[in-house]
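Q: I would like to learn how to read a structure like this one, step by step. Could we begin with the helices?

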Amino acid sequence: MFIATGSHTFFGKTAKLVASAGGESHAQKAMFKIGNFLIVVAIILALIMVGFRVYNDLTAHSFGLDTALSILTIEINPKKQKKSK
């Protein structure tokens, strides 16, 4: 036997209140600002790390070729790489 359904139940009324609340609270705004700041910091740090790697490759005159060759060597012949350890 059903007493109420849909928006006439406790959960329905709660969902209706949440849907009509609208707007962001101060805490939500602060969390979004912190989250956005951390994303920007992570991107900047990633760019610094990539730039440092490129600089090291350029100053060592390797231009990343040694890294690419080592990756290819591991992929082509993984057993040979394991033996050398």
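A: Helices here are DSSP runs of H or I with at least four residues, strands are runs of E with at least two, and both are numbered from the N terminus. Please keep in mind that this is a predicted model, in which local features need pLDDT of at least 70, side-chain atom pairs count only at pLDDT 80 or more, and totals for chains, interfaces and linings use all residues. Residues are numbered from 1 along each chain as its sequence is written, and side-chain values use heavy atoms, with hydrogens and water left out.

Q: Is α1 buried or in the open?
A: A residue is buried under 20% relative accessible area, exposed over 50% and partly exposed in between, with a 1.4 Å probe and protein chains only. In α1 the number of buried residues is one of 12, so the helix lies largely in the open. Across the protein, buried residues make up 5% of the 85 residues.

Q: How many aromatic pairs are there?
A: Rings of Phe, Tyr and Trp (its six-membered ring) pair if their centres lie within 6.5 Å, and planes under 30 degrees apart count as stacked, over 60 as edge-to-face and the rest as tilted. The count by this rule is one aromatic pair. The ring centres of Phe10 and Phe11 are 5.5 Å apart and their planes stand at 70 degrees, so this pair is edge-to-face. Both Phe10 and Phe11 are exposed.

Q: Where is confidence lowest and where is it highest?
A: The predictor's confidence in each residue is its pLDDT, from 0 to 100. In the protein, the mean is lowest in helix α4 (residues 78-83), at 54, and highest in helix α2 (residues 26-59), at 88.
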